[in-house]
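Subject: Structure handover

Hi,

Here is the structure we talked about. Please open it first, then read my notes below.

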Amino acid sequence: MDKRPKIMTALCILGFIGSLVVIPTILNSGISRFFSVYLIVSSLVGLVCMVGFWKMKRWAVYTYIGMLVVNQIVMLVTGTWTLASLLLPLVFIAIILMYFSRMK
């Protein structure tokens, strides 16, 4: 098995932390029930993707990109979209795609 690049390890750790921290934040935010449930499910999908990235699996890349597209549409429809909500995930994807050929 190929050794996971250090930057991938760092991104995964940040992703694990981010996914776990955001859930209590969502529950205490006072936003609508639908949007809260959607964000929690999205966070859990993100957490599953981090596991896939940790294991250097290509399915995680496809799932993460799909989740990004859906999230952008939901944020546009709900009026919560910001440029940062697109830029940070795009940087994450760009870094991950640099190692796509090493994934299985």
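Start with the surface. In this predicted model, a nonpolar patch is formed by Ile-65, Val-69, Ile-73, Val-77 and Leu-97. Together these residues have about 440 Å² of accessible area. Which helix gives the patch its largest share? Helix 3, residues 58-78, does, with four residues.

Take Val-77, found in helix 3. Its relative accessibility is 69%. The cut-off for exposed is over 50%, so Val-77 counts as exposed.

Now look at how helix 3 packs with helix 4, residues 84-97. The two axes are 11 Å apart, and the angle is about 170 degrees. Angles over 145 degrees count as roughly antiparallel, so helix 3 is roughly antiparallel to helix 4.

Which residues meet there? From helix 3 come Val-61, Tyr-64, Ile-65, Leu-68, Gln-72 and Met-75. From helix 4 come Ser-85, Leu-86, Pro-89, Leu-90, Phe-92, Ile-93, Ile-96 and Leu-97. You have already seen Ile-65 and Leu-97 in the patch.

Last, find Gln-72 in helix 3. Is Gln-72 buried or exposed? Its relative accessible area is 10%. Buried means under 20%, so Gln-72 is buried. Set aside its neighbours within four places in sequence, and Gln-72 is in contact with Trp-81, Ser-85 and Leu-86. Also check Thr-82: Gln-72 and Thr-82 are 10 residues apart in sequence. In space they are 9.2 Å apart, C-alpha to C-alpha.

Best wishes

Key:
Residues numbered from 1 in each chain as written. Predicted model: local features only at pLDDT ≥ 70, side-chain atom pairs only at ≥ 80, totals over all residues. Heavy atoms only, no water. Patch = residues over 30% accessible without salt bridge, like charges linked within 9 Å, V, L, I, M, F, W, Y side chains within 5 Å. Areas by Shrake-Rupley, 256 points an atom, 1.4 Å probe, with all protein chains shown as cover. Salt bridge = Lys/Arg side-chain N within 4 Å of Asp/Glu carboxyl O. Helix = DSSP H or I, 4+ residues; strand = E, 2+ residues; numbered from the N terminus. Buried < 20%, exposed > 50% of the residue type's maximum accessible area, 1.4 Å probe, protein only. Axes fitted to C-alpha atoms, helices over the stretch in contact; angles between N-to-C directions. Parallel < 35°, antiparallel > 145°, perpendicular 65-115°, else oblique. Contact = heavy atoms within 4.5 Å.
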